[in-house]
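Biologist: Could you walk me through how to read a few features here? I'm happy to take them one at a time.

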Amino acid sequence: MTVTSPADTPAARTVDLHKTYGSGDSAVHALAGVSLDLETGRFTAIMGPSGSGKSTLMHCMAALDTPSGGTVEVAGTDLGRLKDKDLTALRRERIGFVFQAFNLIPTLTALENILLPLNLAGRKPDQQWLDTVIDAVGLRDRLGHRPAELSGGQQQRVACARALASQPSIVFADEPTGNLDSTSGAEVLAFLRRSVDDFGQTVVMVTHDAVAASYCDRVVFLADGLVVDEIQSPQREQILEHMTRLQELAAARSTRA
Ligand SMILES: Nc1ncnc2c1ncn2[C@@H]1O[C@H](COP(=O)(O)OP(=O)(O)OP(=O)(O)O)[C@@H](O)[C@H]1O
Ligand SMILES: [Mg+2]
């Protein structure tokens, strides 16, 4: 059971993406021209210093925020050309999002949380797919529990299952292990890895952690709202070296400024 899309269409693409907050002297150029292809069926990490634009990039790509310039395509559809209604439908059906703070609805059970986006979209779940996802995250015996009755790791696994329930074209995860201990974090990362390897999902994840990024097929580094570096098939040591070099470059730039 895999998610299909034409072979040469990336799951998501940005071309010269800009996002400016505020105006005049107080303007912040959170994204300063990001062109990035995220290929279907791969697990990509986005890394970079605090304030480098990682969350802004994810929010613009996931149609949770509007860019100031440039284009975003998801599964070949240019988001900028969609009417609000179509954008909402695309967000519900083609995009999954996992937040650092889980963002589950406290009054709903785990299963109700997982099904919420499909219910909002008025869609019936594909029961076979849903069973696959629930078993893969290991939540079968917790489906009737409310978030307060679950550990942080279990809550984040519910959020992962919710993101995958609609078989989206791409799942965006913004620091999904940021609030978890290393054991729970490893469970979430193993699930995201498995969703790519076994189910053909496409996942992009922001992380500050070289170990988390080493689960990915590719690491893209942002600095000052631009893509400045990337590694394929990353190893932890190699990621740490790139992080150190980027920090040194940033320190050298701020000394000159
Ligand atoms: N709503 C907003 N209004 C004004 N400025 C914003 C807003 N959101 C983000 N910014 C600014 O845009 C820049 C990029 O922010 P962003 O949240 O994308 O960074 P990040 O790389 O995700 O950082 P972190 O690692 O701390 O999460 C920062 O300078 C931030 O202060
Ligand atoms: Mg962020």
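Biologist: In which loop is Ala75 found?

Modeller: First, some ground rules. This is a predicted model, in which local features need pLDDT of at least 70 and side-chain atom pairs count only at pLDDT 80 or more, while totals for chains, interfaces and linings use all residues. Residues are numbered from 1 along each chain as its sequence is written. Helices (H or I, at least four residues) and strands (E, at least two) are DSSP runs, numbered from the N terminus. Ala75 is found in the loop between β4 (69-74) and β5 (77-78). Its phi is near 50°, a positive value in a residue other than glycine.

Biologist: Which loop holds Gln167?

Modeller: Gln167 sits between α5 (152-164) and β7 (170-174), and has a positive phi of about 50° although it is not a glycine.

Biologist: Now the ligand. How many residues surround ligand 1?

Modeller: A residue is near a molecule if one of its heavy atoms lies within 4 Å of it. Around ligand 1 there are 13 residues, and the closest are Ser50, Gly51, Lys54, Ser55 and Thr56. The element that gives the most to this shell is α1, with three residues.

Biologist: What lies 2.6 Å from an oxygen atom of ligand 1?

Modeller: A polar contact is a pair of N or O atoms within 3.5 Å. For ligand 1, a polar side-chain atom of Ser50 lies 2.6 Å from one of the ligand's oxygen atoms. A backbone N or O atom of Gly53 lies 3.1 Å from an oxygen atom of ligand 1, and a side-chain N or O atom of Ser55 is 2.9 Å from an oxygen atom of the ligand.

Key. Chains are lettered from A and ligands numbered from 1 in the order in which they are written. Side-chain values use heavy atoms; hydrogens and water are left out. A polar contact is a pair of N or O atoms within 3.5 Å; within protein, one must be able to donate a hydrogen and the other to accept it, and residues adjacent in sequence count only if both atoms are side-chain atoms.
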